[in-house]
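Please look through the structure below, from its surface features to the contacts between its strands.

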Amino acid sequence: MIPRSRGPIADPQSGTGAISDWDSSGRGGKGHMEILESAPPTKISVMVDFAKPIKAHNLNEFALEPAGDSTRVTWSIKGTNFYPMKVMGIFMNMENMFGKHFDAGLNNLKTIAEKQ
């Protein structure tokens, strides 16, 4: 959960077409996301548009596949790597910056998927 984040969640609230806008006074920035494809229990595609701190448009795809008594999740992100991000990548470790957020998101998804 992003601290001090606010924004309406429009109908539908889940599945294809669900959207959410947020504007955070914390590190969450401002943006919009929409579920483009929802094919339970195997795939979900979400377009995430950040307005700040940096404008970015990324397609997030989650592929879920059974793996014994657990679920294997592959999370891919497709987007343009703008020049400022390329320069930042030279001086900063992106795994250290974003890795904990990916891990937390994947752990939340794992918990929900395995309840189904």
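Met 92 counts as partly exposed because its relative accessibility is 39%. Met 92 sits in the loop between α1 (83-91) and α2 (94-115). Together with Ile 90 and Phe 91, Met 92 forms a nonpolar surface patch with about 380 Å² of accessible area. A patch is built from residues with over 30% relative accessible area and no salt bridge; like charges are joined within 9 Å, and nonpolar side chains (Val, Leu, Ile, Met, Phe, Trp, Tyr) within 5 Å. The areas come from the Shrake-Rupley method with a 1.4 Å probe, and for residues only the protein chains shown count as cover.

The model is predicted: local features need pLDDT of at least 70, side-chain atom pairs count only at pLDDT 80 or more, and totals for chains, interfaces and linings use all residues. Residues are numbered from 1 along each chain as its sequence is written, and side-chain values use heavy atoms, with hydrogens and water left out.

Now the overall layout. The chain has 2 helices and 6 strands, in the order β-β-β-β-β-β-α-α from the N terminus. Helices (H or I, at least four residues) and strands (E, at least two) are DSSP runs, numbered from the N terminus. Of the 116 residues in the chain, 17% are buried.

β2 and strand β3 (residues 30-39) run antiparallel to each other and pair over 5 bridges; two strands pair if DSSP finds at least two bridges between them. Ile 19 has Glu 34 in β3 as its bridge partner. The two strands β2 and β3 form a hairpin with 5 residues between them, and Gly 29 in the turn has a positive phi of about 70°.

Pro 41 lies in the loop between β3 and β4, and the bond joining Pro 40 to Pro 41 is cis, with omega about 0°. Pro 53 lies in the loop between β4 and β5, and the bond joining Lys 52 to Pro 53 is cis as well, with omega about 10°.

How many aromatic pairs does a search of the whole structure find? The search finds 3. Rings of Phe, Tyr and Trp (its six-membered ring) pair if their centres lie within 6.5 Å; planes under 30 degrees apart count as stacked, over 60 as edge-to-face and the rest as tilted. The pair of Trp 22 and Phe 50 is edge-to-face, because the ring centres are 5.6 Å apart and the planes stand at 80°. This pair links distant parts of the chain, with Trp 22 in strand β2 (residues 19-24) and Phe 50 in strand β4 (residues 43-52), 28 residues apart. Trp 22 is buried at 10% relative accessibility, whereas Phe 50 is partly exposed at 28%.

Phe 62 and Trp 75 make a tilted pair, 4.8 Å from centre to centre and with 40° between the planes. Here Phe 62 belongs to strand β5 (residues 56-67) and Trp 75 to strand β6 (residues 70-79), 13 residues apart. Phe 62 is buried, with 13% relative accessible area, and Trp 75 is partly exposed at 26%. Ring pairs join Phe 62, Trp 75 and Phe 102 into a cluster.

Trp 75 has another partner in Asn 60: their side chains make a polar contact of 3.0 Å. A polar contact is a pair of N or O atoms within 3.5 Å; within protein, one must be able to donate a hydrogen and the other to accept it, and residues adjacent in sequence count only if both atoms are side-chain atoms. Asn 60 lies in strand β5 and is buried at 8% relative accessibility.

The structure also holds 3 salt bridges, each a side-chain nitrogen of Lys or Arg within 4 Å of a carboxyl oxygen of Asp or Glu. Asp 23 and Lys 52 form one of them, at 3.9 Å from N to O. Asp 23 lies in strand β2 and Lys 52 in strand β4, so this pair ties together parts 29 residues apart in sequence. Glu 61 and Lys 78 form another, with the closest N and O atoms 3.1 Å apart. Glu 61 is buried at 18% relative accessibility, while Lys 78 is partly exposed at 46%.

Note on methods. Buried means under 20% relative accessible area, exposed over 50%, partly exposed in between (1.4 Å probe, protein chains only).
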